[in-house]
Amino acid sequence: MSAFTATTPARDSAPASTSLFLEGVRAITPMAVSVIPFGLAIGAAAAASNTPTLPALASAPLILAGAAQLSTIQLLDAGVAPLVVIASALMINARILLYSASLAPWFRGESLGRRLLLALPVIDQLHFTVQPRFERGDLDRSGRITFYVGAATCLLIAWITSNSLAVLVGAQLPESAGLHVAAPVALAGLLARSIDGRRATTVAITAAIFSVVAVGLPFHSVVLVASLAGIAAGTALSAVERRRTDVGEERS
C-alpha cells in the first residue's frame, strides 16, 4: 500500500480522488488537443463519403482509433466487402493488444467487468500518458484507476466531440483548414512524447523502416508488422545491454 493511502485520512479520500482525476486530465491535455485536428479530418472524410450520418457519428466511440476509423470509412465508401473491412480494422488496431498487455498488470485484482471497461479507451495517447505515471510507483490501485479515468475522459471528449462536429459540418470545412496534415501532426507529437531514450529511439527507427518496407501488405497489416518489429528490436537491445552489464560486473 502506498504512503499516500497510509497517511491520508478517510475523510480526505474524495478530495484526493478529485485531485488525481484532475491530474490525469492535465497530463493528457496536450495529447487531447493534438488529436482534435485529426478528429476533425476524419469526421470531414466521413461527411464527404456515402456513409449515413448516424453510423458516421457512431464510428468515433465504437472504433476509437483514427487510422482504423478512417480506413473503415474509406473501404465502406469504396464498396469493399464488410469482412475485408473488419479484417483491415482489426489489423490496424492489433497494436492495442500490446498496449493492453503492458497496462494489465497495473489493474490486477480488479473484476473482469471493470477491467473490460478500463480497456475500452486504450489507445496510443492514453497508453503513453498513464504508463510513465504508473511507473513512478506512488499510486495504489485505486489511485491508478482514478488517474486513468481522468485521462481517458479528457481524451474521449476531445476525440468524440471533434469527430462528431466535423461529421455534422464537415462538408462545409474549407480547404484552408489544412486538415490533410492533421494525422502527421498528431502522430509526430505522439512520437516526440514516446521517444525518451536509446531503446525507444531504436524501436521508433525500426518500426519506421518496416512501415515503409511492408507498406504493401494486405489488410493494412503493415501497422502490426512494424509494431512487432519495433518491439523485437527493443527487446534485443535490452538483452544486449543486460549482457554487457553482467559482463562488466563479473570483470569488476
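Colleague: Start with the second largest pocket. How much space lies in it?

Modeller: About 600 Å³ lies in the second largest pocket of this predicted model.

Colleague: Which residues are closest to its centre?

Modeller: L62, I63, L64, L90 and N93 are the closest to the centre. They belong to a lining of 22 residues.

Colleague: Which helices supply at least two residues each of that lining?

Modeller: Helix 3 (53–63), helix 4 (66–77), helix 5 (82–93), helix 6 (95–103) and helix 7 (112–119) each do. Helix 5 gives the largest share, with six residues.

Colleague: Now the charged side chains. What lets them pair?

Modeller: Side chains of opposite charge can pair when their charged atoms come close. For a salt bridge, the cut-off is 4 Å between a side-chain nitrogen of Lys or Arg and a carboxyl oxygen of Asp or Glu.

Colleague: How many salt bridges does the structure hold?

Modeller: Five. One of them joins the side chains of R95 and D124, at 2.8 Å from N to O. This pair links distant parts of the chain. R95 sits in helix 6, and D124 in helix 8 (residues 124–135), 29 residues apart.

Colleague: Are R95 and D124 buried or exposed?

Modeller: Both R95 and D124 are buried.

Colleague: Which residue does E110 form a salt bridge with?

Modeller: R114. The closest N and O atoms of E110 and R114 are 3.2 Å apart.

Colleague: Why does E110 count as buried?

Modeller: Buried means under 20% relative accessible area. E110 has 12% relative accessibility, so E110 counts as buried.

Colleague: Which residue pairs with D138 in a salt bridge?

Modeller: R133 does, with the closest N and O atoms 2.6 Å apart. Salt bridges with shared partners also join E23, R133 and D138 into one network.

Colleague: Are R133 and D138 buried or partly exposed?

Modeller: R133 counts as buried because its relative accessibility is 7%. D138 stands at 32%, so D138 counts as partly exposed.

Key:
Residues numbered from 1 in each chain as written. Predicted model: local features only at pLDDT ≥ 70, side-chain atom pairs only at ≥ 80, totals over all residues. Heavy atoms only, no water. 1 Å grid on protein atoms, 1.4 Å probe; cavity = no way out; pocket = protein on both sides within 12 Å on 5 of 7 lines; lining within 4 Å. Points joined across faces, edges and corners; volume = space filled by probe spheres on them. Helix = DSSP H or I, 4+ residues; strand = E, 2+ residues; numbered from the N terminus. Buried < 20%, exposed > 50% of the residue type's maximum accessible area, 1.4 Å probe, protein only.
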